[in-house]
Amino acid sequence: MYDQLVKEGVKFTKQGSDTRIDGFNVNGKNISLLMRRNTSDIDVFQQILIEEEFKPLLVLLRKLDLLNHSLNVVDAGGNVGFVSIYLSVFLRISNLIVIEPASDNINYLNLNLEINGISNYKIVQGGIHYEDDKLSLNTSFRDGNFWSINLVKGQHDRNIPVYSVDTIRKNSNLDIIDILKIDIEGSEKGIFEHKNLDWLDIVRVITIEVHEEFISKEFVKKRLTDKLFEVFEQGELLIGYNTRLVC
């Protein structure tokens, strides 16, 4: 991968323990990225920007005639910003709300958004949940790297704020969430097992990476279809749209 990207004119520069990438082309636009070497950042780069995991979402948005509309986007589980940057290339985002619990990830998230000239964003340090609460940061899931951090109801150090989707919407002064992306490393279990999913009524399009160690895709899909979402599966993602909000 590295050799091919260099041939394509992508520049890799070491900056201390980080690597900066410049000139990476996405849909005709060159973007820059800052990654921590020897971490899961390279895996996220591969997944989001090389393999374009969210391309099926763009196909759906084109089908729904939403690509040229101003959109409110909530990126829950923002990591270091690669999904937000990827979507920003293709979409007219009027409000970008990025939710991320881990401080180190947030540092790189800020840097990556800024070096790509993205200014209409708000970062919420915390997570999403079925209710406003405080949870504990857990780094023991899967490989324990930066992309595997989740939130749990630990007995100690419950110091990470979590918010319902409706609280996120209200605090950000949004009437509706056009795109809600959820990749929260298994914490989706508590959200979708909770009896109240009325927050879905203000979500137009949703994409969820379901971690089946905690909850099955079929269960999440059933909860979405019960709320009148049309849902399809693409790789690790469930992608759906609210039939009451999309003509």
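Analyst: Two strands count as paired if DSSP finds at least two bridges between them. Strands (E, at least two residues) and helices (H or I, at least four) are DSSP runs, numbered from the N terminus. The model is predicted: local features need pLDDT of at least 70, side-chain atom pairs count only at pLDDT 80 or more, and totals for chains, interfaces and linings use all residues. Residues are numbered from 1 along each chain as its sequence is written, and side-chain values use heavy atoms, with hydrogens and water left out.

User: Over how many bridges do β1 and β2 pair?

Analyst: In general, strands of a sheet pair through backbone hydrogen bonds, either parallel or antiparallel. Here β1 and β2 (residues 18-26) are antiparallel and share five bridges. F12 faces I21 of β2 across this pairing.

User: In what order do the three strands lie in the open sheet?

Analyst: The order is β1-β2-β3, with antiparallel pairing. β1 (11-15) and β3 (29-36) each have a single partner strand, so one side of each edge strand lacks a neighbour in the sheet. Ignoring direction, neighbouring strands are turned by 20° against each other on average; axes are lines fitted to C-alpha atoms, for helices over the stretch in contact, and angles run from 0 to 180 degrees between N-to-C directions.

User: Which strands does helix α2 touch?

Analyst: Contact means heavy atoms within 4.5 Å. Helix α2 (residues 41-50) packs on the sheet and touches β2 and β3; its direction makes about 160° with that of β3.

User: Where does helix α5 lie?

Analyst: Helix α5 (residues 103-115) lies across β2 and β3 and runs at about 160° to β3.
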